[in-house]
Amino acid sequence: METHFYPENVPLQLEYALVDRQKLLSIEQVKKLPFSSIRIGEKWGEAWQVAWFHVKGKIPAGWAGKEVVARINLGGEGLIFTDSGEPLQSLSSYSVMDPEAIRDVVHLSTAGSEVEFWIEVSSTEILGIHRLQDPTEKNGKRHGYYESHVRYAYLSTFNRSLWHLALDLDILFGLLKKLPQNSVRFIRILKVVNRALAEFADDIGRAEKARAVLRDALKSPACPTELTAFAIGHAHIDTAWLWPIDETIRKCGRTFSNQLMLLKKYPQYVFGASQAQHYLFVKEHYPAIYQAIKRLVKEGRWEVQGAMWVEADCNLPSGESLTRQILYGKNFFMDEFGVDVKNVWLPDGFGFSPSLPQILKRSGVEYFLTQKLSWNQVNDFPYSLFIWRGIEGSEVLAHFPPEDIYRSPLTPEYLIKGRENFMEKDIADEFLSLFGIGDGGGGPKEEHIENGLRLQNLEGAPKVKFASASAFFETVKKYRDELPVWTGDLYLEAHRGTFTSQARVKKANRQLEFKLRLAEMLACCLPLQAYPADFFEENWKRLLLNQFHDIIPGSSINEVYQTVFKEYEQMFRSLDEMIKRTARQLFTENTNSLLVFNSLPFTCDEVIILPDGWSGAVDDDHQPLQVQQLNGKTLAMVELPALGYLNIHRQDADSKPGPSMKNKDDLLLENARIRYRFDPTGKLVEAYDKEAQHSIFLPGMRGNLLQLFEDRPNKWDAWDIDSFYEEQLLEIADAHTFQRLEAGPLRNAIRFTYRIGASTIEQTVYLRAHSKRLDFETAVQWHESHRMLRVAFQVNIQATQAAFDVQYGYFFRPTHRNSAWERARFEVAAHKYADLSQPDYGVALLNDSKYGYKVQDNELNLNLLRAPTYPDPDCDRGEHSFVYSLLPHIGDLVHSDVMQEALQLNQPPVLFNGLKNEKDAVLPFRLSGQFVHLEAVKKAEKENALILRLVEARGMKSHTYLNFSNIPAKIIETDLLEWQNLKRYPTNQIIRLEFEPFEIKTLKIFFE
């Protein structure tokens, strides 16, 4: 019937010009391009090329009074502009996920006979270009392929009556698919549809008569107890995924222009969009669209959603990163639109940390939305509308739209599915429906809105109410006291491979998070007026953008990561320059001095490498440091004050070599506290804690088992690890060489080299004096496909649960697989450590850049590398370097040094060669107590004040003392956004701060 919608057609004239895809041109620049003519069927572009089309036509005189449209399909994704440069709407050629995503109709006025407009087109479909599953290295299509051809371009008359008849029938056919066949409603709809078809008699001129027959059936009201679907127009746009970010900018322009057109046409309709970054894209590149959005936001027709800068992954970013996502997101929406966004909008996230509820609550966010847990592979999540409780007790109201989709077509089939799935229908009368085409497909189509109009009050289906998500949450909060509670993480039983894929991205993100912390802290040693706020905001926003839920998880195309690594390189360079520049302002030049800064809130011992040419050193009190010579370098042991500096001076004659830890056994690493023994293949076969008199391995147990598994998930290659990988162990690496590398009073080391699969591993194992931490510094030349490298330690610990480092705390998970829920959690996300402890003793596995852990029974197991081929066939091939560490300890996690050692591994002291702290340049405060961690020190966003972010780390009631020495200060506790002042502290030199378990405190400090 669709072809009958357009009974009369004449061709349009086309010409085109290819342009640089990196540049968005003004209409004035476009008109100066060298255009060439092109006809239907001809090719104009290869993958990702961009062209401008000039389209002209003449409406036939005989069409006067008829509705006229242009039907255009250029084989790509486009945005139409008027001759004056005003964006009108998008065009979409096709989507393999949704054939209905085609957009090819432009409604025109018949006032003039001439038609002219301009179209910017990308040579791609909605979901990018075509890709091969396992391309060879020499395959020219290895990174995808695509060709764009002009498919059709016509002026046509439009039979709107026939179109409406088709929509009426679609609604009734949808009801027939879901209603019981013996119900009164089913039988009567069937009868009236047959009557309407008879009235139509295959004559498109009788469409209105057929519609009249259907009218009563479409007016029959819903049951009074029927649920209401709050329907919000939605167009989920991945910030990057199967396309690069420059294409995302165009996707935003296309989608938002479509919605402006529909909002003008349908006064009942409400559209919403999340991600502050997307609005910034539009503000910078499509200012006319942005101004129109601002007007509609004021009118309540357009909803700004989601408090985050982007729809971030919530497993991998640090707690401070998630805080900054909300801080920058909410500030943007407040500054630009005057709106306080109170929901976090993450329909497509890959699981959600148990720390998130507290971050949300302390950021003024009351509501949480996702759909993704409907993807669970084993267990159905039991709730749709519920209270989500975090690790320290914070609660937010959460909703999973029960249609199990965030691109609903708003049809009876989907809405009835939502009603059937809605678990809290005994409590609540409302659920949320997100409808429209996503991923740059333009959002809802006119047909979707027409569906909603027909379903506002229709017997047999939930009632549809066009409304904002905020209105929905404000409505359902009245049920809060009756809703079920879910405590802990929202674990997605899928996409577990995203904890590991694209390992270099994850490592750089971890390093940049800590480098930003360090740089902000050093900048706060200067007067606040010298704080480079714009610099830090720019770098934070770039980091946050790349924490989008398809970038940092490793599920984007190769071209995305080429851009990411360039941006990371620039960030490292600019932050290092900033740190050096700040140090030169703070400290005095002295060619024979080395300054060491510890940014951690506790004292720590570290082995550092002295500058070239130094053979010894003394501290400010002229006390010689213990040193160790190594291949022309000099190592020194330093004891660093908490949040403080240590000056070291060159004085070769007074160096103290100290007693040697050298042992005749080249496979033994030992100090006064612990003994480790390896076998010649690189396996750790003995670990004996002298202090505790405890053997960490029982007979037959081993550690440092480097395991290679086949890794071919059933469906989502870069995303998934399937549990059957455990049955597909291919090889355990055996070292083919080993060498005693270092032996001295400060540090001992052994180097092993391995071959495994088609790859090689070089591993240097370090043990420092006085430390039980065994560091495995690992370099891998990775040349695998569909393989996974893991390391395992079998330890003498019996515990039914293990503790995993998460944002702003830790979280216990079972070590057994008693139930289906536990069996589904065979791979979990953690940050700097996982710890397996009995009350008296434990063992932790630390890392500097990894996130995928398995702790089952008495085995600690860390995922090191994967090798998927889709969507990036080059994913993780090449060089990698990382460190993981074994740390036995007396007592359980909270009574051990695991957290401190994990922080030391990830944020080592920074060394400034040729500088000395003669000015007593220090932070303007001191903290005492090692159980409260200092997560951030920075300048306040909009006030001349210092911000401290403190977190209780042990999950226990704790306290710390904040000391301002002789500096007068006014201290106010605030929320994470620095918007609400919560508590004023007396102006004293020393303040005692009390913390509940895992509590986050943000302090705003004004210096007088």
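Start by selecting Thr737 and Thr753: Thr737 stands opposite Thr753, which sits in strand β36. You're looking at a predicted model, where local features need pLDDT of at least 70, side-chain atom pairs count only at pLDDT 80 or more, and totals for chains, interfaces and linings use all residues. Residues are numbered from 1 along each chain as its sequence is written, and side-chain values use heavy atoms, with hydrogens and water left out.

**The strands**

Now select 734–742 and 747–756, which are β35 and β36. Strands here are DSSP runs of E with at least two residues, helices are runs of H or I with at least four, and both are numbered from the N terminus. β35 and β36 pair antiparallel over seven bridges; pairing takes at least two DSSP bridges between the strands. Four residues separate them in a hairpin. Colour β36 by accessibility and you'll find eight of its 10 residues buried, where buried means under 20% relative accessible area, exposed over 50%, and partly exposed in between (1.4 Å probe, protein chains only).

**Arg768**

Follow the Arg768 side chain to the backbone oxygen of Asp605, at 3.1 Å.

**Salt bridges**

The whole structure holds 69 salt bridges, each a side-chain nitrogen of Lys or Arg within 4 Å of a carboxyl oxygen of Asp or Glu.

- Glu901 and Arg773 meet at 2.9 Å, N to O. Glu901 is in helix α17 and Arg773 in the loop between β37 and β38, so the pair ties together parts 128 residues apart in sequence. Glu901 is buried at 9%, and Arg773 is buried at 5%.
- Glu827 and Arg790 meet at 2.7 Å, N to O. Arg790 is in strand β39 and Glu827 in the loop between α16 and β42, so the pair ties together parts 37 residues apart in sequence. Both residues are buried.
- Finish by selecting Asp665, Glu670, Arg675, Arg677, Glu686 and Lys690, which salt bridges with shared partners join into one network.

How values were computed. A polar contact is a pair of N or O atoms within 3.5 Å; within protein, one must be able to donate a hydrogen and the other to accept it, and residues adjacent in sequence count only if both atoms are side-chain atoms.
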